[in-house]
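The following report takes up selected local features of one protein model. Please keep the sequence and the coordinates at hand while reading.

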Amino acid sequence: MATVLTYTVVPKLPPKIARLSDIANNFCWCWDPEAIDLFFRIDRDLWLEIAQNPVLLLGRVSQDRLEALAQDDSFLAHLDRVWKRTHDYLTVNPWRDRNPSAPQDVLAAYLSAEYGIHESLGVYSGGLGVLAGDFLKSVSDIGLPLVAIGLLYREGYFRQYLNADGWQQERYPKNDFYNLPVSLVRDDQGQPIVFGVPYPDGELSVRIWQCNVGRVPLYLLDSDFEANDPDDREITARLYGGDRDMRIRQEILLGMGGVRALRAMGLYPSVYHMNEGHAAFLTLERIAALMTQEKLTFPHAVESVKEASVFTTHTPVPAGNDMFSPEMIEHYFGAYCRDLGIPMNDLLALGRQNPADAREPFCMTVLALRLSAGANGVSKLHGQVARTMWERTWPGVPDDEIPITSITNGVHTRFWISRDLASLYDRYIGPSWIATPADGEVWKRIDSVPDAELWRTHERRRERLVDFARYRLAKQLRDRGAPQAEIAAAAEVLDPEALTIGFARRFATYKRATLFMSDPERLVRLLTDAKRPVQMIIAGKAHPQDNQGKDLIRDIIHFVRKYGVRNHLVFIEDYDINVSRYMVQGVDCWLNTPRRPMEASGTSGMKAASNGVLNISISDGWWCEAEGLSENGWTIGRGEVYDNPDEQDVLESETLYEILEREAVPIFYERGRDGIPREWVQRMKNAIRTICPVFNTHRMAQEYADRFYLPCTFRRNELRANERKRSKALTVWKQKVRAAWDKVHFTHIESGPTEGLPFGSSLTVTADLALDGLKPDDVTVEIYHGDVDSYNRIIKGRADRMELVETVADNVYRFRGGILCDKTGQQGFTVRVIPHHVDLMEKHETGLITWG
């Protein structure tokens, strides 16, 4: 076969408009409406055809058109405005001024398997990636020092289409990297940086592409080039594609390769943030570097890695957490252990809830939890679920004390709010909604917006959504080879004035996408009511291997055909960021029906609410925190968890119908003389006022900085000073404590009288503790007390510290404390002891605890 040499061609932009290339190659244009308008002016039809990709636009538009734009004074003035705003945004960073006490060397590295920055960059599948994209946008806006790492997939995630029967089909178009806003990272000599990642069958060559998200560099790793053999090139072929073997190969590249990529570029973060467990192998790469370069012992290296690591778990479903067999770990990390002198069982223990169980698989979530100084779920409820889910990692620790906190997700408000509504916000709220979206006082100004103006704005957005749905439906039918009459009829589906409900998300079974169809006749009556019609727009993808999810999509298509409601219920294929934007901006209600508590957070409802859309949701994920803030939507049920899922479906579908029939539909169609539904508009304002300042990624990013990035950097700097003196001491102390803990026990516990204690009095408790090999300073002794259940178990207990009062015998010490009797009724207490050291990041960091 002939040798093929490659070359690249770039657009030839006239000098007057050459700055278009700089604007196109930084994604900050995608949350600047005037920048979007700038590209839209170049060629409207082409812009929409190419997924709003400005780099491809500049390459595809005719040279004559470019020359004409260079002579267009209006366009040049528009370009000047966008360029100046973009330049000012990228060159002025407000973060240091607002955080003067932050360490000078703070730099977070954020690693995620997917990023949903914009629909033109297809390296995302759904909520996890879109959240990561919104997070980077807000990190850029606030100027937080952060770099991001991901993979550049040749085919990304699949594109969806349905066959004539409504069954989901997948296609995998290839990403053209040279027509995307990404570029190869090069060294000082102008050569692409290439580094190696070891695998059992040889070293993988990896190159790095840079994508700029405002002030944040996103580095995407790529193995699909000629230096690798065909099998290795497939590692970055598809997001979430292939078998378990492909999954572990991808995760080694993301985690271990991510650390090596940063090192190859001369970047040394002060803290590493694992966004889900996919990137957890980064901890092993950092351990290896510390052991080989600084000659640390394995326990000391583990401690040093942990002090600068943060982990966010997103998955409340056990099957969603990656697990690998011990044999697979031995295959991929056997050489790693041999080279470093680490027993394989010690490595496997890092990924097991019970390190002594040789049959337990190696779990990426457990690895991340064990090697992180801070861990969190993505909503308050999810934090509770995660603590219960991973409780075996901290045996004996009460669920509410397990060191997994929560930082609730958010959305990048400016990116998701429609242009019409943004203009309204500019006029009545002012620029602060962009600069400080987490300020609740700013959003109170929504009440000054005239009802008529807000409603007319929303009506225009609904009309635009209906037009978009008709266009997409007609395209779907044409692509499927439908008869011309059926294609023509697509122009008449939906009513731009009817109450419109949106449902769009991944079609996993626990999300119950067909719950609204539980009573077909009742639903049909709602959809076809002549005076007060309801209509629904549905979108979403099932995983290619999830046939149950595909069944749900087909059930919806069959329902439409069986009951003749094609004008009232539309399924939009190939759900992506663009479809999502149209839907969250144009619907009236956003439907969310997961099986509680299986929705970790969910963010689509936040996007909808920031546009004034009212949520109708199960009390799960983020909605648990939003539902009680005001009349800003409706909750299905009261947060019950059922043993019988069929019973749950029946009861909650009934509640959904009642909400629609008794509240949502009447309120929407109750109009004044001016045609405005006043109560509905007031609820829209309630949603904007209460949800926008809380559920945004500016607040979320600042919370990660304040609670994780900065404290971890301070602690890491302190522990590594003086050749890691304190870090080494902490490691030695932990080893000592673990070796002695089996001998730690209470020899005697007593208290004062326990019956008829007056309210406000104190119950004194004394405990004698044997500490063979340890000192009292090595532990904290506590009284643990609270309400008791019928099995005499303490519920939601409180811990009060006991003080050392005397030495009873050799290695036996007496501690005393008191319980304030501030609640009447029967209470219970016990005592406990946990390790204590001034350099522990968290109370239960060691996972050791002994009860009386």
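The sections below go through the basis of the model, some helices and loops, the cavities and the backbone geometry.

## Basis of the description

The model is a predicted one, in which local features need pLDDT of at least 70 and side-chain atom pairs count only at pLDDT 80 or more, whereas totals for chains, interfaces and linings use all residues. Residues are numbered from 1 along each chain as its sequence is written, and side-chain values use heavy atoms, with hydrogens and water left out.

Helices (H or I, at least four residues) and strands (E, at least two) are DSSP runs numbered from the N terminus. A residue is called buried under 20% relative accessible area, exposed over 50%, and partly exposed in between, with a 1.4 Å probe and protein chains only.

## The loop between E1 and H8

Glu119 is placed in the loop that runs between strand E1 (108–111) and helix H8 (127–142), and with a relative accessible area of 10% Glu119 is buried. The side chain of Glu119 makes a polar contact of 2.6 Å with that of Arg581; such a contact is a pair of N or O atoms within 3.5 Å, where within protein one must be able to donate a hydrogen and the other to accept it, and residues adjacent in sequence count only if both atoms are side-chain atoms. When neighbours within four places in sequence are left aside, Glu119 is in contact (heavy atoms within 4.5 Å) with Ala51, Gln52, Tyr124, Asp576, Ile577, Asn578 and Arg581.

Leu121 lies in the loop between E1 and H8 as well, and it counts as buried at 1% relative accessibility. Not counting residues up to four places away in sequence, Leu121 touches Phe27, Tyr115, Leu180, Val182 and Cys211. Between Leu121 and Thr764, which are 643 residues apart in sequence, the C-alpha to C-alpha distance is 64 Å.

Helix H10 (residues 244–264) has 21 residues and reaches 29 Å from its first C-alpha to its last, close to the expected 30 Å. A kink of about 40° is centred on Gly257 in H10, the bend at a residue being the angle between axes fitted to the seven residues ending there and the seven starting there. Because 16 of its 21 residues are buried, H10 is largely enclosed by the rest of the structure. At the start of H10, a side-chain oxygen of Asp243 comes to within 3.2 Å of the backbone nitrogen of Asp245, while Gly266, with a positive phi near 75°, follows the helix. Glu251 belongs to H10 and is buried, its relative accessible area being 2%; neighbours within four places in sequence aside, Glu251 is in contact with Met256, His278, Phe281, Asp322, Phe324 and Met364.

A cavity is here a set of points, on a 1 Å grid over the protein atoms alone, where a 1.4 Å probe fits but cannot get out, and lining residues have an atom within 4 Å of a point.

The lining of the largest cavity includes Ile501, Phe516, Leu591 and Tyr657. Helix H23 (520–528), strand E16 (534–539) and helix H28 (645–669) each contribute at least two lining residues to the largest cavity.

## Backbone geometry elsewhere

Arg596 and Pro597 are joined by a cis peptide bond with omega about 5°, and Pro597 is located in the loop between strand E18 (589–592) and helix H26 (604–610).

Arg724 is not a glycine, yet it has a positive phi of about 60°; Arg724 is part of helix H30 (residues 697–740) and counts as buried at 7% relative accessibility. Asn811, likewise a residue other than glycine, has a positive phi near 65°. Asn811 sits in the loop between strand E25 (803–809) and strand E26 (812–820), where at 30% relative accessibility it counts as partly exposed.

Key. The expected span of a helix is 1.5 Å times one less than its number of residues. On a 1 Å grid over the protein atoms alone, a cavity is a set of points where a 1.4 Å probe fits but cannot get out, and a pocket is an open set with protein on both sides within 12 Å along at least five of seven lines; lining residues have an atom within 4 Å of a point.
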